Amino acid sequence: MKVEPQKEHEWLQKLVGEWTYESECPTEPGKSPEKFAGSETVRSLGGLWILCEGRGEMPGGEMAAMLMTLGYDLQKKQYLGTWVGSMMTHLWVYAGSLDAEEKVLTLSTEGPTFTEEGKLAKYKDVIEIKNPNHRILTSHMLGDDGEWHQFMTANYRRKT
């Protein structure tokens, strides 16, 4: 079985490279957001998948490792992927699509809430390509109020 990369797979190749990132997470109202830094290596797997391996700071000053996979399923006509981190046991499974301008990839998933043990919530991660050397990742959780609440922003910059 041999599949030739399509335009959707080629879009993912924009993420291949060495990156540094700075992220911030809001804390309590009226307080400054917490800021963290890290790095990520993104490599291609056969031109069809990308593997994103990151290391970065966590709340409390501990370091964490993360691994994300992303590809495009030609039969399902959607982007699929996974995310795991050294700080939790949950396997996050992504499904998503690009916007019409092909600059924003929105990935939906489900995972544990931050506040209630054993409860799951809906999440979305949004990857926006600003230019070849800058991308932004925002993470959102669907609240009990039916609204999406952004809880993290990360600016990735390509190492030069």
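Helices (H or I, at least four residues) and strands (E, at least two) are taken as DSSP runs and numbered from the N terminus. On this basis the protein chain holds one helix and 10 strands, and the order from the N terminus on is α-β-β-β-β-β-β-β-β-β-β. The radius of gyration of the protein chain is 16 Å, close to the 15 Å that the globule rule gives for 160 residues, so the chain is as compact as a globular protein of that length. Here the radius of gyration is taken over C-alpha atoms, and the globule rule is 2.2 Å times the number of residues to the power 0.38.

The model is a predicted one, in which local features need pLDDT of at least 70 and side-chain atom pairs count only at pLDDT 80 or more, while totals for chains, interfaces and linings use all residues. Residues are numbered from 1 along each chain as its sequence is written, and side-chain values use heavy atoms, with hydrogens and water left out.

Along the principal axes, the C-alpha atoms of the protein chain fill a box of roughly 50 × 35 × 30 Å. Of the 160 residues in the protein chain, 36% are buried; buried means under 20% relative accessible area, exposed over 50%, and partly exposed in between (1.4 Å probe, protein chains only). The accessible surface of the protein chain comes to about 9,900 Å², and carbon and sulfur atoms account for 52% of this surface. Accessible areas come from the Shrake-Rupley method with a 1.4 Å probe, and for residues only the protein chains shown count as cover. Contact means heavy atoms within 4.5 Å. Among contacts in the protein chain between residues at least 6 apart in sequence, 32% join residues at least 24 apart.

The protein chain carries 18 positive and 24 negative side chains, and the centres of the two sets lie 6 Å apart. In this count Lys and Arg are positive and Asp and Glu negative, while His and the chain ends are not counted. The place of a charge is taken as NZ of Lys, CZ of Arg, CG of Asp or CD of Glu.

Strand pairing was examined next. Two strands pair if DSSP finds at least two bridges between them. Strand β1 (residues 17-25) runs antiparallel to strand β2 (residues 34-45), and nine bridges join the two. Within this pair, glutamate 18 stands opposite threonine 41 in β2. β1 also pairs with strand β10 (residues 148-158), again in the antiparallel sense, over six bridges. Threonine 153 in β10 is the bridge partner of glutamate 24.

The loop between β1 and β2 contains proline 26. With a relative accessible area of 53%, proline 26 is exposed. The C-alpha atoms of proline 26 and phenylalanine 151 are 125 residues apart along the chain and are separated by 6.3 Å. Leaving aside residues up to four places away in sequence, proline 26 touches Pro33, Gln150, Phe151 and Met152.

Strand β3 (residues 49-57) pairs with strand β4 (residues 63-73) in the antiparallel sense over nine bridges. The two form a hairpin with five residues between them, and glycine 60 in the turn has a positive phi of about 90 degrees. Glycine 71 in β4 stands opposite tryptophan 49 and also opposite leucine 80 in β5. The pairing of β4 with strand β5 (residues 78-85) is antiparallel and covers eight bridges.

The hairpin of β4 and β5 has four residues between the strands. Lysine 77 lies in the loop between these two strands and has a positive phi of about 55 degrees although it is not a glycine. At 63% relative accessibility, lysine 77 counts as exposed. Glutamate 102, likewise not a glycine, has a positive phi of about 60 degrees. Its place is in the loop between β6 (92-98) and β7 (104-112), and at 35% relative accessibility glutamate 102 counts as partly exposed.

Alanine 121 lies in strand β8 (residues 120-131) and is buried, with a relative accessible area of 10%. Alanine 121 and glutamate 110 are 11 residues apart in sequence and 5.6 Å apart in space, C-alpha to C-alpha. Residues up to four places away in sequence not being counted, alanine 121 touches Thr109, Glu110, Gly111, Thr113 and Met141.
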